[in-house]
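Please find below a short note for a colleague who is new to this structure.

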Amino acid sequence: IDGLYDQLNQMLGGIPGSDKIILLGDFTARVGNDYSTWKNVVEKFGSGNVNSNGERLLNLCSKSQLTITNSCFKHKLTHKIPWMHPHSKHWHHIDYIITGLCDLKDIHDTRAMRGADCNTHHIMTRSRTSLVVKKKMRKTNQPDKTLNISKMKNHETLDYLKRSLNEKL
């Protein structure tokens, strides 16, 4: 488990700040509802208690400036909790949709969908989003690179290019 969280931490560290991050999955973690301790990671509508995997997930989200969107929206308990333990029959919140804190404005709702039959003891979790992706700005001080194909008419230049490509390949 520590290896998984180390890998996630490394991967998240390599993502540019301008990219949008959305993590989805069964983290087998319970993050609780302590939104005063975990500001901007867990919001007001979290549920349950924290377990050891939950602490790992909360630390990862805190370091990477991520928010657990399942805790951001007020829903009935039946629309909030997506997993029932097969033996104890207790409901737990372990499936999460996580996004960057700065991208939280793109998430309109996250909830468990009771009517969706997924042939599993998990209830499908859905998030309604409207992603706004900005077009990358080109640097204006750099001229466009154009190819001068008129040089290809010269046989010496063409042979040189062929030899160079063959060597590199």
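1. The model is a predicted one, and the comments here should be read accordingly. Residue numbers count from 1 along each chain as its sequence is written.

2. A search of the whole structure for aromatic pairs returns one. The partners are Phe 27 and Tyr 96, whose ring centres lie 6.4 Å apart, with 45 degrees between the planes.

3. Are the two partners buried or exposed? Phe 27 has a relative accessible area of 13% and is therefore buried, the cut-off being under 20%. Tyr 96, at 2% relative accessibility, is also buried.

4. The largest pocket has a volume of about 310 Å³. Its lining includes Gly 17, Asp 19, Lys 20, Cys 102, Asp 103 and Val 132. By class, this lining comprises seven charged, three nonpolar and two polar residues.

5. The second largest pocket has a volume of about 230 Å³. Of the 15 residues that line it, Gly 17, Ile 21, Ser 64, Gln 65 and Leu 66 lie nearest its centre. Helix α1 (residues 2-13) gives the most to this lining, with three residues. By class, the lining has seven nonpolar, six polar and two charged residues.

Note on methods:
This is a predicted model: local features need pLDDT of at least 70, side-chain atom pairs count only at pLDDT 80 or more; totals for chains, interfaces and linings use all residues. Side-chain values use heavy atoms; hydrogens and water are left out. Rings of Phe, Tyr and Trp (its six-membered ring) pair if their centres lie within 6.5 Å; planes under 30 degrees apart count as stacked, over 60 as edge-to-face and the rest as tilted. Buried means under 20% relative accessible area, exposed over 50%, partly exposed in between (1.4 Å probe, protein chains only). On a 1 Å grid over the protein atoms alone, a cavity is a set of points where a 1.4 Å probe fits but cannot get out, and a pocket is an open set with protein on both sides within 12 Å along at least five of seven lines; lining residues have an atom within 4 Å of a point. Grid points are joined across faces, edges and corners, and a volume is the space filled by probe spheres set on the points. Ala, Val, Leu, Ile, Met, Phe, Trp, Tyr, Cys and Pro count as nonpolar, Asp, Glu, Lys and Arg as charged, and the others, Gly among them, as polar. Helices (H or I, at least four residues) and strands (E, at least two) are DSSP runs, numbered from the N terminus.
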